[in-house]
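This report describes one protein chain, part by part. Please keep the sequence and the structure at hand while reading.

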Amino acid sequence: MVVHDRLLQALKQIDDWIDPAAVSAASVVVRQGGREIGEHHAGTLESGRPVQRDTIFGLASVTKPITAACALLLVDRGQIGLDEPVARFLPAFGKPSALGTPEWEAGRGLITVRQVLSHTSGLPEDLPADAVPLRNQPTLEQITDAMIATPLACQPGTLLRYSNAGYGVLGRLIEAVVGEDIWTFTQKNLLDPMALTGIYPRPGAEVADHIAPVIDARGKGTAYEPYNSSFWRDLAIPWGGLYGTAADSARWAESFLTGDQSPLSGAARQAMITDQANGVSGGLQMLNLTWHPAFWGLGWEVKGTKRRHWTGDYTSARTYCHWGAAGTLVWVDPELDLTVAAFGNRTSYNGWPFAPIARWARLSNAIVAAVSS
């Protein structure tokens, strides 16, 4: 009971997140030992509905480990190999870009599936802003075509460059191998077998009232507004287009420890949550952040020796995690057998989870302290 009281007090930190400078909706769920041990929700939705367990948030880049898991399902089935060239499955990807650096582009045809999954492919973080303007409401095919053709930003294998473009390429690769839409494949082979009913590709009108809108999305009020428009939700980008509840997102993340209902092999789950970057430096251009060295698994970020980290000061080096630009964070510490999903509804570009208040890290510290007292 003492631990429960301490944990509940820690989770109530998100009440203070409800602030004009932070978010209008927040949700946190904690799991340990294969069961949920705490949850707390704060704020209201535009409809006046209070945030509660079934509130859905834009997962943004928390989508990436799910896309990665689809690729690992294909590895498990012997349909692709991690160290096979991407160009073997997508020949267009292997064609050197005339706009790129020749010595980098010369190795393009050798970039592997593993390198794309671990952000060491040399691909840039994103397309140039004017490459495929969102205001034109492009199709996913048009965006992905541009990602496949975009010039490399560095020599493959030499740096960790977090890359949305890489996961666009990965989504196309998966579709080329399975012969169907990536989210149709995901629903049948991952979400349904794990009964993850709270994770949504292309959420429809039936759940619209349960979605927490991202309150500072660009292009506010336009037909193409990220996260909030029907156009964006239907686009379902493999690098950041899923939606979900904190509860099911936590259960999904925890499955890499427990294997509970997971269709992935133990070998695949372990590969996804252990470092694959092999000691290179790198980081996230969007935050002007570089680590020496960087750590990343296949889809999941690995904490390693990183300091001032969003998972706080007390989580172990084995902690795996992912955060999304829509304000979402999920992490799992295998040493503590502890899982946390902490969601808000403002873009992280605003800085609200990091500075001037390190909200994610402070919450993580308080949770770890509560369960390890």
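Is Val330 buried or exposed? The model is a predicted one, and in it Val330 has a relative accessible area of 1%. Because the cut-off for a buried residue is under 20%, Val330 counts as buried.

Val330 belongs to strand β11.

Leu59 gives an example of distance in sequence set against distance in space. Val330 and Leu59 are separated by 271 residues along the chain, while their C-alpha atoms are 9.8 Å apart.

Strands of a sheet pair through backbone hydrogen bonds, in either a parallel or an antiparallel sense. β10 pairs with strand β9 (residues 301-302) in the antiparallel sense over 2 bridges, and Cys321 in β10 is the bridge partner of Glu301. β10 is also antiparallel to strand β11 (residues 328-333), with 5 bridges between them. Gly324 stands opposite Thr328 of β11. The two strands β10 and β11 make a hairpin with 3 residues between them, and Gly327 in the turn has a positive phi of about 110°.

## A three-stranded sheet

An open sheet of 3 strands is ordered β4-β7-β8, and its pairing is mixed. Its edge strands, β4 (160-161) and β8, each pair on one side only. β4 runs parallel to strand β7 (residues 282-284), joined by 2 bridges, with Leu160 opposite Gly282 in β7.

The largest pocket holds about 930 Å³ of space. It is lined by 39 residues, and those closest to its centre are Asp126, Leu134, Arg218, Trp232 and Trp239. Elements giving two or more residues to this lining are α5 (140-149), α8 (230-235) and β10. By class, the lining of the largest pocket consists of 26 nonpolar, 6 polar and 7 charged residues.

The second largest pocket has about 370 Å³ of space. Among its 16 lining residues, Arg307, Arg308, His309, Trp310 and Phe354 are the closest to the centre. At least two lining residues of the second largest pocket come from β8 (289-291), and at least two from α11 (359-371). Its lining divides into 10 nonpolar, 3 polar and 3 charged residues.

## Nonpolar cores

The largest nonpolar core contains 83 residues, and Leu117, Ile174, Tyr227, Trp252 and Met272 have the most contacts inside it. Helix α2 (residues 64-76) supplies the largest share of this core, 8 residues. Another core, of 35 residues, lies apart from it and has Leu7, Trp17, Ala277 and Val280 among its members.

Which residues does Leu117 touch, not counting residues up to four places away in sequence? They are Ala68, Ala71, Leu72, Leu82, Tyr167, Leu170, Trp296, Gly297, Leu298 and Gly299.

Conventions
Residues are numbered from 1 along each chain as its sequence is written. This is a predicted model: local features need pLDDT of at least 70, side-chain atom pairs count only at pLDDT 80 or more; totals for chains, interfaces and linings use all residues. Side-chain values use heavy atoms; hydrogens and water are left out. Two strands pair if DSSP finds at least two bridges between them. Helices (H or I, at least four residues) and strands (E, at least two) are DSSP runs, numbered from the N terminus. On a 1 Å grid over the protein atoms alone, a cavity is a set of points where a 1.4 Å probe fits but cannot get out, and a pocket is an open set with protein on both sides within 12 Å along at least five of seven lines; lining residues have an atom within 4 Å of a point. Grid points are joined across faces, edges and corners, and a volume is the space filled by probe spheres set on the points. Ala, Val, Leu, Ile, Met, Phe, Trp, Tyr, Cys and Pro count as nonpolar, Asp, Glu, Lys and Arg as charged, and the others, Gly among them, as polar. A nonpolar core is a set of buried Ala, Val, Leu, Ile, Met, Phe, Trp, Tyr and Cys residues joined through side-chain atoms within 4.5 Å. Buried means under 20% relative accessible area, exposed over 50%, partly exposed in between (1.4 Å probe, protein chains only). Contact means heavy atoms within 4.5 Å.
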